[in-house]
Amino acid sequence: MANVTYDRKEQFQQIQSGLLDGEQIIAVYDAVGTGTGFIGLTDRRVIIQDRSFVGKRYAITSIPYSKITSVSVVSNKSWGGEFFSTGSIAVHVGTHTYEVEFRGAQKSHHVHNVILHYIS
């Protein structure tokens, strides 16, 4: 776990507390904007904290890589030749899409590439 990248220790610890036997954390990134608290990547699944539930409730959603149909870079402007000029990604699971916005394009690039690695 020495090579794990994370933004906030409490988010890392929350992911760590729910690991399966032998599961390894790759990264845990804080999300910005409404709805999503953080995203965790392990060698088995994507874990998203969803804060969009009524009554200040939230869910920790585990998504096995085998259930992810695609991952997208999200932008509201032309990339102008830069594929990762945005800090947002979308994870598509069946008919549901989880959108996660980060502070900085490097994090979205890393998340995109890890997910793409495990789903392809």
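Predicted model: local features only at pLDDT ≥ 70, side-chain atom pairs only at ≥ 80, totals over all residues.
Student: Is Glu-10 buried, exposed or partly exposed?

Tutor: The classes rest on relative accessible area, where buried means under 20%, exposed over 50% and partly exposed in between, computed with a 1.4 Å probe on protein chains only. Glu-10 counts as partly exposed because its relative accessibility is 43%, and Arg-8, at 38%, is likewise placed in the partly exposed class. Residues are numbered from 1 along each chain as its sequence is written, and side-chain values use heavy atoms, with hydrogens and water left out.

Student: With which residue does Glu-10 form a salt bridge?

Tutor: Side chains of opposite charge can pair when their charged atoms come close. The criterion is a side-chain nitrogen of Lys or Arg within 4 Å of a carboxyl oxygen of Asp or Glu, and five such bridges are present in the structure. Glu-10 is paired with Arg-8, their closest N and O atoms lying 2.6 Å apart. Arg-8 also bridges to Asp-30, at 3.6 Å between the closest N and O atoms. Asp-30 is buried, since its relative accessible area is 8%. Together with Arg-103, the residues Arg-8, Glu-10 and Asp-30 make up a network of salt bridges.

Student: Where in the chain are the partners Glu-23 and Arg-45?

Tutor: The closest N and O atoms of this salt bridge are 2.7 Å apart. Glu-23 sits in the loop between α1 and β2, and Arg-45 in strand β4 (residues 45-50), so far as sequence goes 22 residues apart. Both ends are buried, Glu-23 with a relative accessible area of 3% and Arg-45 with 11%.

Student: Which residues touch the most other members of the largest nonpolar core?

Tutor: A nonpolar core is a set of buried Ala, Val, Leu, Ile, Met, Phe, Trp, Tyr and Cys residues joined through side-chain atoms within 4.5 Å. In the largest, of 20 residues, they are Val-46 and Ile-115. At least two residues of this core come from each of β2, β3 (36-42), β4, β7 (88-93), β8 (96-101) and α2 (105-119). Another core lies apart from it, with seven residues, including Phe-12, Ile-15, Val-28 and Phe-38.

Student: With which side chain does the side chain of Tyr-29 make a polar contact?

Tutor: A polar contact is a pair of N or O atoms within 3.5 Å; within protein, one must be able to donate a hydrogen and the other to accept it, and residues adjacent in sequence count only if both atoms are side-chain atoms. The partner of Tyr-29 is His-110, at 2.8 Å. Tyr-29 belongs to strand β2 and, at 5% relative accessibility, is buried.

How values were computed
Helix = DSSP H or I, 4+ residues; strand = E, 2+ residues; numbered from the N terminus.
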